[in-house]
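The sequence and the structure are shown first, and the description comes after them.

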Amino acid sequence: MAERSKSMIDYYLSKDRIEEAQQELEALKKLTEKMRNPQYKEGSEITIKNAEYVIRIKQGNYEGAEEYYRKMLDTITPLFPLTKVSYSYALGRLLILKGEPERAKEYLQTAYDSGGDTKYRKHAGELLQTLQDEKDM
């Protein structure tokens, strides 16, 4: 059930269906409280925290998000390539939203260079191109 909730949270967030994502988030919180496996519980708690930040960012509240994403990049071990790419993309996108495109470029470039054939590489490339186009104007 927890994996289903995680998938539905991702789906709803990708479609900007915030209310439904929040409902799934609450269901996942309840399931997480009952988990006994510490590694699985920690993974669910990270998913919850990530989703909470995504919702807040979508609502225009950027407070604490940059620090959270940086902390995740600095403390997750092992830092798998996909994890690094996803957090780098999220941080780059956040910095653009905060009006700091120059700082965003480093993170977006990391997501692009290491993203392989993921959606993060595609989206990072699009944002980098947009930033370049704006600079050329």
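The report covers the overall fold, the pockets, the contacts of aromatic rings and the backbone geometry.

The model is predicted, so local features need pLDDT of at least 70 and side-chain atom pairs count only at pLDDT 80 or more, while totals for chains, interfaces and linings use all residues. Residues are numbered from 1 along each chain as its sequence is written, and side-chain values use heavy atoms, with hydrogens and water left out.

**Overall fold**

The chain contains seven helices and zero strands; helices (H or I, at least four residues) and strands (E, at least two) are DSSP runs numbered from the N terminus. The C-alpha trace spans about 55 × 30 × 25 Å along its principal axes. Of the 137 residues in the chain, 31% are buried, where buried means under 20% relative accessible area, exposed over 50% and partly exposed in between, with a 1.4 Å probe and protein chains only.

**Pockets**

A pocket is an open set of points on a 1 Å grid over the protein atoms alone, where a 1.4 Å probe fits, with protein on both sides within 12 Å along at least five of seven lines; lining residues have an atom within 4 Å of a point. A volume is the space filled by probe spheres set on the points, which are joined across faces, edges and corners.

The largest pocket has a volume of about 1,200 Å³. Its lining consists of 29 residues, of which D10, V54, S86, K119 and Y120 lie nearest the centre. Helix 1 (2-14), helix 3 (38-58), helix 5 (81-97) and helix 7 (119-136) are the elements that each give two or more residues to this lining. By class, the lining has 15 nonpolar, eight polar and six charged residues; Ala, Val, Leu, Ile, Met, Phe, Trp, Tyr, Cys and Pro count as nonpolar, Asp, Glu, Lys and Arg as charged, and the others, Gly among them, as polar.

The second largest pocket holds about 300 Å³ of space. Residues lining the second largest pocket include Q39, E42, Y68 and T77. Helix 3 and helix 4 (65-75) each give two or more residues to that lining, and helix 3 supplies the largest share, six residues.

**Aromatic rings**

There are six aromatic pairs in the structure. Rings of Phe, Tyr and Trp (its six-membered ring) pair if their centres lie within 6.5 Å; planes under 30 degrees apart count as stacked, over 60 as edge-to-face and the rest as tilted. Two of the pairs are set out below.

| Pair | Centre distance | Plane angle | Type |
|---|---|---|---|
| Y68 and Y69 | 5.8 Å | 55° | tilted |
| Y89 and Y120 | 6.0 Å | 50° | tilted |

Y89 lies in helix 5 and Y120 in helix 7, so their pair ties together parts 31 residues apart in sequence. Y89 counts as buried, at 13% relative accessibility, and both Y68 and Y69 are buried. Ring pairs also link Y53, Y68, Y69 and Y87 into a cluster.

Charges sit over two further rings: K6 over the face of Y40, at 4.7 Å from the ring centre, and R121 over the face of Y112, at 4.0 Å from the ring centre. The criterion is that NZ of Lys or CZ of Arg is within 6 Å of the ring centre and within 35 degrees of the ring normal.

**Backbone geometry**

Most residues other than glycine have a negative phi, and most peptide bonds are trans. T77 and P78 are joined by a cis peptide bond, with omega about -10°; P78 is in the loop between helix 4 and helix 5. D16, which is not glycine, has a positive phi near 60°. D16 lies in the loop between helix 1 and helix 2 (18-33) and is exposed, with a relative accessible area of 51%.
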